[in-house]
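Please open the structure and keep the sequence beside it. Let's work through a few exercises together, one step at a time.

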Amino acid sequence: MFVFTLCLYLWSWLSSIHGLDFRYHNSVEMEQYLKDVNRTYPEITHLHSIGQSVEGRELWVLILGQHPREHRTGIPEFKYVGNMHGNEVVGRVLLLQLINYLTSRYLSDPLVTRMLNSSRVHILPSMNPDGFESSARDCMNSVGRYNKNGVDLNRNFPDVFDSNTVQESEKEVRAVMDWLKTETFVLSANLHGGAVVASYPYDNSNRGSELQGGQSISPDDDVFVHLARTYSYNHTEMHNAKSCSDSTGFVNGITNGYYWYPLKGGMQDYNYVWAQCLELTLEISCCKFPPESQLPGLWEANRPALLAYMQQVHLGVKGVVMDSDGKPVPNAVVEVSGRRNLCPFSSDRNGEYFRLLLPGNYTITVTYPGHKTLTQSIKVPYGPDSFSALTHDFLLQKSDNSSAGTAQPQSCTTAITTLTLFILQRLLLS
């Protein structure tokens, strides 16, 4: 451990001298940088590809944390995604800078150290490397926005509000969808350019009860507004609501996505509805492909906001749902009273649940086939300051008509079927 600590301090010192250049690294250079970081910090990073682009470029994800290679119980999973639109490049640059910042300051910076010790951070610097390679260095030009097949990746995800439209998912989109199945992500943001605002779900609507005053309101609107304001007010300029030259300003630097403009097939709605991951769309620069001389200033403007937003992964409550024998239960529905989610939140394959909630009193109901419904009231404190959400486990009891003995493995199928029916009922009633 002493040797590892000494090595980290040495690399931190070297990084502070040399740093990462503020310029646009092409895909080959970015890949080499990520591999160098992984080789330099093997104890706190893990590099893997979640798939390939249409042209065969790897979609690299760097995981950072005290245990980067595997999930640990109680440790929430966080992610940042950049460069979804190939010509919106600032997010790609900032995420590489964020990687440099986190790795070089681990064990020397208390905030960074607590962040990486208490959460697992996944960073995908470029979701659309093909688009980036074909982009023109122009502030508003759309060249490079789409993937190699000419598809806008942020219009290509399945949309719960537009079930009549069936489209084939692009390779990059399928890679992200598969990625979401491998981890229980709790909080996320995808970084864009062309405006300066934090946008939150919903992006779309079927003109049902969610449509209120021109906004498409989710059951967790209070949390989303808080998350958006967290980023905006920790950004040096975003909260001032100054407009870019061709757009109006946004009050407090935030907006409901649908209120700004309706968007079908967006990634943030997909994350929230289908993956139980609350995600924002962060527009972080007026110019989509600014001169490299502006990159240091953009990093300084966004750095405190990127860090503060990551810390919000510790909002609310987390825990494990267990059966009467104390064994973790997957696919148990975990619902917060008053929050009628289209796809109900549930425990993951490890029996864990994570629920981002603002401080307050809540009633939570847990349901699982063959067991009594369990309803409990809890008081949720503000977790980010202590780098931990409230831990609250649920111990279920078998229902009177259930058979004795331990549950068989195939009981998971029953839970999944119940969950699917639950979703269909919600959609029919919405």
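This is a predicted model: local features need pLDDT of at least 70, side-chain atom pairs count only at pLDDT 80 or more; totals for chains, interfaces and linings use all residues.

Residues are numbered from 1 along each chain as its sequence is written, and side-chain values use heavy atoms, with hydrogens and water left out.

**Exercise 1. The strand β4**

Find strand β4 (residues 120-124) and work out how its residues are covered.

Step 1. Helices (H or I, at least four residues) and strands (E, at least two) are DSSP runs, numbered from the N terminus.

Step 2. Count the buried residues, where buried means under 20% relative accessible area, exposed over 50%, and partly exposed in between (1.4 Å probe, protein chains only). In β4, 5 of the 5 residues are buried.

Step 3. Now take the two faces in turn. One side carries Arg-120, His-122 and Leu-124, the other Val-121 and Ile-123, and all of them are buried.

Step 4. Look for the neighbouring strands, remembering that two strands pair if DSSP finds at least two bridges between them. Strand β2 (residues 58-64) runs antiparallel to β4, joined by 3 bridges; here Leu-64 has Val-121 as its bridge partner. Strand β3 (residues 77-82) pairs with β4 in the parallel sense over 5 bridges, and Glu-77 stands opposite Arg-120.

**Exercise 2. The disulfides**

Search the whole structure for disulfides and describe each one.

Step 1. A disulfide is a covalent bond between the sulfur atoms of two cysteines. The test used here is a pair of cysteine sulfur atoms within 2.5 Å, and the search finds 2 disulfides.

Step 2. Start with Cys-139 and Cys-287, whose sulfur atoms lie 1.9 Å apart. The torsion about their S-S bond is about -105°, so this disulfide is left-handed. Cys-139 sits in the loop between α5 (129-133) and α6 (171-182), and Cys-287 in the loop between β10 (278-285) and α10 (295-311), so the pair ties together parts 148 residues apart in sequence.

Step 3. Compare their accessibility: Cys-139 counts as partly exposed because its relative accessibility is 35%, while Cys-287, at 10%, counts as buried.

Step 4. Move to the disulfide that joins Cys-244 to Cys-286, with an S to S distance of 2.0 Å. This link is left-handed, with -80° about the S-S bond. Cys-244 is in the loop between α7 (221-234) and β9 (254-256) and Cys-286 in the loop between β10 and α10, 42 residues apart.

Step 5. Cys-244 is buried, at a relative accessible area of 5%, and Cys-286 is partly exposed, at 34%.

Step 6. Counting bonded cysteines along the chain, the pattern is 1-4, 2-3.

**Exercise 3. Two packed helices**

How do helix α3 (residues 90-105) and α10 pack, and at what angle?

Step 1. Axes are lines fitted to C-alpha atoms, for helices over the stretch in contact, and angles run from 0 to 180 degrees between N-to-C directions. The angle between α3 and α10 is about 65°, with their axes 10 Å apart.

Step 2. Angles under 35 degrees count as roughly parallel, over 145 as roughly antiparallel, 65 to 115 as roughly perpendicular and the rest as oblique. That makes α3 roughly perpendicular to α10.

Step 3. List the contact residues, where contact means heavy atoms within 4.5 Å. Among them are Val-90, Leu-94 and Tyr-101 of α3, and Leu-298, Trp-299 and Met-310 of α10.
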